[in-house]
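Subject: Structure handover

Hello,

Here is the structure you are taking over. My notes on what was found in it follow below.

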Amino acid sequence: MKKINVGIVGIGSFAKPLVEGVSFYTKNPEETTGLLHSKIGHYKVSDINFVCAFDVDERKVGKKLHEAIFAVANITREITKPLEYEAVVFRGPTLDGVIKEMKDDFVHESKDESVDVAKILKENRTDVLINLVPSGSDEASRFYAQEALKAGCSFVNCVPSPLATVAELREEFEEKGLVLLGDDIKSQLGATMLNRFLLQLLKIRGIRITKTHQENKGGNADHFNLKYRFEQKEKSKSGTLQKFLDKDDAVPTVAFTYTGEPSGHKLVNITIEGEIFGRTPIFITSVIEDEISINGAGTASDAIRMAQFLVDTKQQKKAQWACPFLFKTPPEHMTDTEAAEAFDKLLDSAA
Ligand SMILES: NC(=O)c1ccc[n+]([C@@H]2O[C@H](COP(=O)([O-])OP(=O)(O)OC[C@H]3O[C@@H](n4cnc5c(N)ncnc54)[C@H](O)[C@@H]3O)[C@@H](O)[C@H]2O)c1
């Protein structure tokens, strides 16, 4: 049976559990615990095959993917020893991928020339390219999406840079029989989803919201990057919360704190204040703690399989209906329940 040949851009903390997680479900074929979908069409997680990768860090470039994921400054709890994939990490162009504050510490930029990305994608028969460059890398994200188009690969945009939300770009992929899914991957169960559910509950119960604040604390490279490039992430997170609120509700606020202690652990405090009967105050506080990159990689394993499934079943034009389940800023906004139904409908329509 056909495997999905996958290329990864950005071999950071997110790529590590993606490779380890795919290895885990491949080594344990009967295991389905922890998966959003054990099958998408006929694709299991074990049908994901990593064929090439791109990064700019000299500690990653030139290595095999399953070795490069252990380079500093990647940090995530280990799921399993990864399988030995053929994929090699090639030197991609840096563009706006690395801010000056990250150089020499989080990223040691390689002095190698960058490769012809589209050529490498083609040579390795890549079906799907997944984008995991740092938040705020708009130019790099657009570049890799264009290379995917040239090479005939679908593209999964896990970062907040606007790509899938640009209708013309989505159509360019569709016209070539490919799909573009994005933007900004949701965690399997993350703070934004929990916050959304709480807000929806308050609105169902007729409560006016006077404050909603999400404080995200983490210690990985992306959290350091967010100190300087938080605008898109903040917009993506608060935008998705705002969809459920009325005009007279408070605008959601989101903040990011880099703890300075290297860790894949993330802690989020959610504070919601509202007014019930007689304008009487009500307060809700909740805390969610997770291993952030693993939480994202779970959803990415569905996004990769959905991208290929839509191509196989010639449903490219319906790609936007798959996005709300998988991404924080999809082309069309839906509640989480509607998003899950739309996703399953796509799967059923081809059954
Ligand atoms: N749950 C999650 O972890 C989650 C959820 C949503 C979105 N994301 C997004 O995923 C992305 C990756 O997160 P991460 O934790 O792996 O970040 P990271 O900083 O650990 O890794 C980014 C990698 O990209 C590389 N890179 C930089 N510029 C590049 C370029 N031009 N070409 C190729 N590689 C380049 C860096 O060297 C680094 O290895 C971020 O944009 C983040 O916002 C993560």
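G7 stands opposite C52 in strand β2; strands (E, at least two residues) and helices (H or I, at least four) are DSSP runs numbered from the N terminus. Before the rest, two conventions. Residue numbers start from 1 along each chain as its sequence is written. The model is predicted, so local features need pLDDT of at least 70 and side-chain atom pairs count only at pLDDT 80 or more, while totals for chains, interfaces and linings use all residues.

Sheet and strands

Two strands count as paired if DSSP finds at least two bridges between them.

β1 and β2 sit in an open sheet of six strands, ordered β3-β2-β1-β4-β5-β6, with parallel pairing. The edges are β3 and β6 (180–181), each with a single partner strand, so one side of each has no neighbour in the sheet.

With strand β9 (residues 263–276) the pairing is antiparallel over eleven bridges, and K217 stands opposite L267 in β9. With strand β8 (residues 253–258) β7 pairs in the parallel sense over six bridges, and H213 stands opposite T253 in β8.

Domains

The protein divides into domain 1 (4–186 + 294–349) and domain 2 (191–291); these bounds come from an automatic or database domain assignment. Taken over C-alpha atoms, the two domain centres are 26 Å apart. The contact takes 24 residues from domain 1 and 25 residues from domain 2, where contact means C-beta atoms, placed from the backbone, within 7 Å. On the domain 1 side, the residues divide into eight nonpolar, ten polar and six charged. In that scheme Ala, Val, Leu, Ile, Met, Phe, Trp, Tyr, Cys and Pro are nonpolar, Asp, Glu, Lys and Arg are charged, and the others, Gly among them, are polar.

Cores

The largest nonpolar core holds 76 residues, of which A53, I130, L180, L181, I304, A307 and A322 touch the most other members. Helix α9 (residues 292–312) gives the most to this core, with ten residues. A core here is a set of buried Ala, Val, Leu, Ile, Met, Phe, Trp, Tyr and Cys residues joined through C-beta atoms within 7 Å. Leaving out residues up to four places away in sequence, A307 touches V128, S154, V156, V179 and L181. A second, separate core has ten residues, including A191, L199, L202 and F244.

Ligand shell

There are 38 residues around the ligand, and G10, G12, F14, G97 and G296 come nearest; a residue counts as near if its C-beta atom, placed from the backbone, lies within 6 Å. β2 (48–55), α7 (221–228) and α9 each supply at least two residues of the shell, with α9 giving the most, four. By class, the shell has 19 nonpolar, 15 polar and four charged residues. Domain 1 and domain 2 each contribute at least three residues to the shell.

Backbone points to check

Most residues other than glycine have a negative phi, and most peptide bonds are trans. The exceptions below are listed with their locations.

- The peptide bond from V72 to A73 is cis, with omega near 10°; A73 lies in the loop between α2 and β3.
- G182 and D183 are joined by a cis peptide bond with omega about -5°; D183 is in the loop between β6 and α6 (191–204).
- D104 has a positive phi, near 70°, and lies in the loop between β3 and α3 (117–123). D104 is exposed, with 9 other C-beta atoms within 10 Å.
- R279 has a positive phi, near 55°, and is found in the loop between β9 and β10 (280–291). R279 counts as exposed, with 9 C-beta neighbours inside 10 Å.

Regards

Technical notes:
A residue is buried if 20 or more other C-beta atoms lie within 10 Å of its own, exposed if 12 or fewer, and partly exposed in between; C-beta atoms are placed from the backbone. Two residues are in contact if their C-beta atoms, placed from the backbone, lie within 7 Å.
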